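I opened this notebook to record how the parts of one chain are arranged and packed. The entries follow the order in which I looked things up.

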Amino acid sequence: MRIILATFVLLACAACGPAGGRHSVVAAFYPLAYAAREVGGTAYAVHDLTPAGSEPHDVELTPQAVAEIQRAGVVLYLSHGFQPAVSDAVRQASGKRVDVLAGLPVRRSDPHVWLDPVLYARIVRRVGAALERPGEARALAARVLRLDVAYRRGLAHCTRRDFVTSHAAFGYLAARYGLRQIAITGIDPESEPSPQELASLARLVRREHIGTVFFERLVSPKLAQTVAREAGARAAVLDPIEGLTAQEARSGATYLTLMRRNLAALREALGCR
Ligand SMILES: [Zn+2]
């Protein structure tokens, strides 16, 4: 019965065309949805597959979300095992499928390219090409590249170059601005370090006078707070911008404002002048 119903829904919607005259875009998570909404304007209805306030790695999809991917005009997603359920569903998509990691300098299957403004500007232009809105994409890319200037200036003269993060989301950002990321967990926030690894990290933080251990809002701060406490360091937020919390969404936070907030947090932690 379920199979028959699903087939019926797919057939019905193959014929129904753009909803309310707007073209449908499905974006795998917040940074792609943000780019699509800014670039697409009112001509596109953008749906973010990762629910607000949840963390996008290994997101699970409802049958409705799978059907939406299959019939969307454009699907924006990341390959390299970031969201295997999305990559699977994309194989049956009938519209344009855009893997935004394709053609970018991806290292060690690390998907976190959006935290490097230079790479994110390239993603924005790719979204502009997919949505056939190159002018709007150029305007947003220019705003994103102003972040690059701010980061270059803001991180040029600092006492420290090492920073400790919750999961390893900031590798591209660190490489771009000559910093070194020390992550408590791996590329995926689910990977758990052993008590020995935590203790040795706390010793490193203390020995190197790192002073701040960063945590994030969408995963539990427990590990970061443990390391900070053991090392006598403070804990502060550095946002991997993988999604907005409900409070951030209400207060009008965007990729651009969160990147500015991250720069301020890094400058304080690294003792930048
Ligand atoms: Zn991540």
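**Domains and packing**

Entry 1. I began with the division of the protein chain, which gives domain 1 (21-151) and domain 2 (157-270). The model is a predicted one. I then took the centres of the two domains over C-alpha atoms and found 24 Å between domain 1 and domain 2. To their contact, domain 1 gives 25 residues and domain 2 gives 26 residues.

Entry 2. I asked which elements give two or more residues to the side of domain 1 that touches domain 2. I noted helix 2, helix 5 and helix 6 (134-154). Helix 6 supplies the largest share of that side, with 4 residues.

Entry 3. I turned to helix 2 (residues 30-40) and helix 5 (residues 117-130), whose axes come within 9 Å and cross at roughly 55°. Angles of 65 to 115 degrees would count as roughly perpendicular and those under 35 degrees as roughly parallel; helix 2 and helix 5 are therefore oblique to each other. I recorded the crossing of helix 2 past helix 5 as right-handed. Helix 2 makes the contact through Ala35, Ala36 and Val39, and helix 5 through Ile123, Val124, Val127 and Gly128.

Entry 4. I looked up the contacts of Val127, setting aside neighbours within four places in sequence, and listed Ala35, Ala36, Val39, Leu76 and Ala137.

Entry 5. I examined the largest nonpolar core, which has 77 residues. The members that touch the most others are Ala27, Ala36, Leu76, Val124, Val127 and Val227. Domain 1 and domain 2 each contribute at least three residues to this core.

Note on methods: Residues are numbered from 1 along each chain as its sequence is written. This is a predicted model: local features need pLDDT of at least 70, side-chain atom pairs count only at pLDDT 80 or more; totals for chains, interfaces and linings use all residues. A nonpolar core is a set of buried Ala, Val, Leu, Ile, Met, Phe, Trp, Tyr and Cys residues joined through C-beta atoms within 7 Å. A residue is buried if 20 or more other C-beta atoms lie within 10 Å of its own, exposed if 12 or fewer, and partly exposed in between; C-beta atoms are placed from the backbone. Domain bounds come from an automatic or database domain assignment. Two residues are in contact if their C-beta atoms, placed from the backbone, lie within 7 Å. Axes are lines fitted to C-alpha atoms, for helices over the stretch in contact, and angles run from 0 to 180 degrees between N-to-C directions. Angles under 35 degrees count as roughly parallel, over 145 as roughly antiparallel, 65 to 115 as roughly perpendicular and the rest as oblique. A crossing is left-handed if the near helix is turned anticlockwise from the far one by less than a right angle, and right-handed if clockwise.
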